[in-house]
Amino acid sequence: MERMFKQSHITVILSSGIYTASLSSFVVGFVMIAIVVSSYRYGIDPDNIAAPLIATFSDFITLIMLIGVGMLMLHIYIHKLYILNIAVLICLFCTTPFLAYYAAKEPRTRSILRDGWFAVTAAIIVGCCSGLLLQSAIVVFPGIAALHPLIAGLAGNRVSVQSSRLATALHLSEYSLGRLPAGTTIWTFLNPLRFLCLRRKR
C-alpha cells in the first residue's frame, strides 16, 4: 500500500516535538533541582547520582509527554483546530527572545547561553544519526529496540558520572577557564591509562 505524503503530517510531528521539548525541559529542570538539593541534603555527592538519574527521568518523562502531546496534536488535526496550534506556536516563539534576554542579564547563565549551543547541537546531530542506525538495525534484529536503552544507558551513565565529577573539580580548582595545571596538556587528561594507573598522594 502506497503511503501518501501530506504537509499537515509534518505540522503535527513538528508541533509535537516543539511542545514536548518545551514542556519536558521545564519539568526536567525541576526534577534536576529536586535531585541535587535532596542528595546534598542527605550528604550524598550529587555528581555520583544526579546525572544518571536525571538522564533516566528525562527520557521517561519526555516519552510520556511525547505520547500525550502527539495524541493531542492528532486530535487537533482531526477536528481541524489549526488556529489553536498556530496560536500556541506564536506564543512560544514570541516568549523566546524575552527568555533569552533575561538569561543573558544573569552572569551565571550568560556563558551557558553563549557557549552551550555547540553541545546541544552536537547532541541533536548524534542523536539523529543514532536513531537512523537503530531504525536500520531493527530490520535485521527486531528485538534490539527493547535492549537499546539498557545497552546505551550503561556506558552513558558511567561516563556522565565521570564527566560530572571532572567538571566539578575543574570548576572548583584555582585555575581559570582556558588554563590547565602546570606540566599538563589536553592529552594528559584524555589518556585513559592516567585514570586507571593514577596513584593517590599520601
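## Basis of the model

The model is predicted, so local features need pLDDT of at least 70 and side-chain atom pairs count only at pLDDT 80 or more, while totals for chains, interfaces and linings use all residues. Residues are numbered from 1 along each chain as its sequence is written, and side-chain values use heavy atoms, with hydrogens and water left out.

## Overall fold

The chain has seven helices and zero strands, where helices (H or I, at least four residues) and strands (E, at least two) are DSSP runs numbered from the N terminus. Along the sequence this gives the pattern α-α-α-α-α-α-α. Of the 202 residues in the chain, 12% are buried; here buried means under 20% relative accessible area, exposed means over 50%, and partly exposed lies in between, with a 1.4 Å probe and protein chains only.

## The largest pocket

The largest pocket holds about 2600 Å³ of space, a volume being the space filled by probe spheres set on grid points that are joined across faces, edges and corners. A pocket is an open set of points, on a 1 Å grid over the protein atoms alone, where a 1.4 Å probe fits and protein lies on both sides within 12 Å along at least five of seven lines; its lining residues have an atom within 4 Å of a point.

There are 49 lining residues, and Ser24, Ser25, Val28, Ser58 and Thr62 are those nearest the centre of the pocket. Helix 1, helix 2 (46–78), helix 3, helix 4 (107–140) and helix 5 (144–172) each contribute at least two residues to this lining, with the largest share, 14 residues, coming from helix 1. By class the lining comprises 28 nonpolar, 19 polar and two charged residues, where Ala, Val, Leu, Ile, Met, Phe, Trp, Tyr, Cys and Pro count as nonpolar, Asp, Glu, Lys and Arg as charged, and the others, Gly among them, as polar.

## A nonpolar surface patch

Ile10, Leu14, Ile18 and Phe93 make a nonpolar surface patch of about 370 Å². Helix 1 (residues 7–41) supplies the largest share of this patch, three residues, whereas Phe93 is found in helix 3 (residues 82–105). Phe93 counts as exposed because its relative accessible area is 55%.

Asp59 lies in helix 2 and is exposed, at 55% relative accessibility.

Thr11 is partly exposed at 38% relative accessibility, and Thr11 and Tyr77, 66 residues apart in sequence, are 9.1 Å apart in space, C-alpha to C-alpha. Ala34 is also partly exposed, at 41%, and its C-alpha atom is separated by 9.7 Å from that of Ala50, 16 residues apart along the chain.

Conventions:
Patch = residues over 30% accessible without salt bridge, like charges linked within 9 Å, V, L, I, M, F, W, Y side chains within 5 Å. Areas by Shrake-Rupley, 256 points an atom, 1.4 Å probe, with all protein chains shown as cover. Salt bridge = Lys/Arg side-chain N within 4 Å of Asp/Glu carboxyl O.
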